[in-house]
Amino acid sequence: MNKKILVLSGFLAILLNGCNTEYSVHTNLDPQNIKDYFEISKVSEMDKESVLKVRNKSLGLVTGRACQLNEDDYIAKESDAKLDARQKALELGANAIVYDKCIVLEKTPSCLKSVTCYSEAFIVEK
């Protein structure tokens, strides 16, 4: 019986020693992307009436676009096009955006479905 315990404890020691190996984790998360994700929250969505009630400066028109390239791709949505426009407004230094309209097109030469949102970027006093 002592021989069985000795063999079992040796096997267990080898097994446990294998668990001490260091592993590195590789992800596709980029710290800059995470920072950019939260930066976009600095751009508030406003309607036309609200932006006119505060001091503002227009930084110009921005468009956002979402495109579904083929049947297996993620379906283009208005929310994605608006997010793209908001990102472009942020890049201009805006802290507010007013969406005007979004247009959906189907089966264009470049996209099965595309959504384009037109908007204006602003700096507003809060």
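Is Ser119 buried or exposed? In this predicted model, Ser119 has a relative accessibility of 3% and therefore counts as buried, the limit for that class being under 20%.

## Surroundings of Ser119

Ser119 belongs to strand β4, which covers residues 113-124. Leaving aside residues up to four places away in sequence, Ser119 touches Gly60, Leu61 and Val62, and also Ala85, Ile97, Val98, Tyr99 and Asp100.

Strands of a sheet pair through backbone hydrogen bonds, in either the parallel or the antiparallel sense. Here four strands form an open sheet in the order β1-β3-β4-β2, and the pairing is mixed. The strands β1 (44-46) and β2 stand at the edges with a single partner strand each, so that one side of each is left without a neighbour in the sheet. Direction ignored, neighbouring strands of this sheet are turned against each other by 35° on average.

Strand β4 runs antiparallel to β2 (residues 56-68), and twelve bridges join the two; within this pairing, Lys57 has Ile123 of β4 as its bridge partner. With β3 (residues 96-106), β4 pairs over ten bridges, again in the antiparallel sense, and Lys101 is found opposite Tyr118 of β4. The hairpin of β3 and β4 has six residues between the strands, and in this hairpin Lys107 takes a positive phi near 55°.

## Helix α4 across the sheet

Helix α4 is formed by residues 78-92, and its 15 residues reach 21 Å from the first C-alpha to the last, close to the 21 Å expected at 1.5 Å a residue. The helix lies across β1, β2, β3 and β4, and runs at about 140° to β2. After α4 comes Gly93, which has a positive phi near 95°.

An α-helix has 3.6 residues a turn, so residues three or four places apart point the same way.

Conventions: Residues numbered from 1 in each chain as written. Predicted model: local features only at pLDDT ≥ 70, side-chain atom pairs only at ≥ 80, totals over all residues. Heavy atoms only, no water. Expected span 1.5 Å × (residues − 1). Buried < 20%, exposed > 50% of the residue type's maximum accessible area, 1.4 Å probe, protein only. Contact = heavy atoms within 4.5 Å. Pairing = 2+ DSSP bridges. Axes fitted to C-alpha atoms, helices over the stretch in contact; angles between N-to-C directions.
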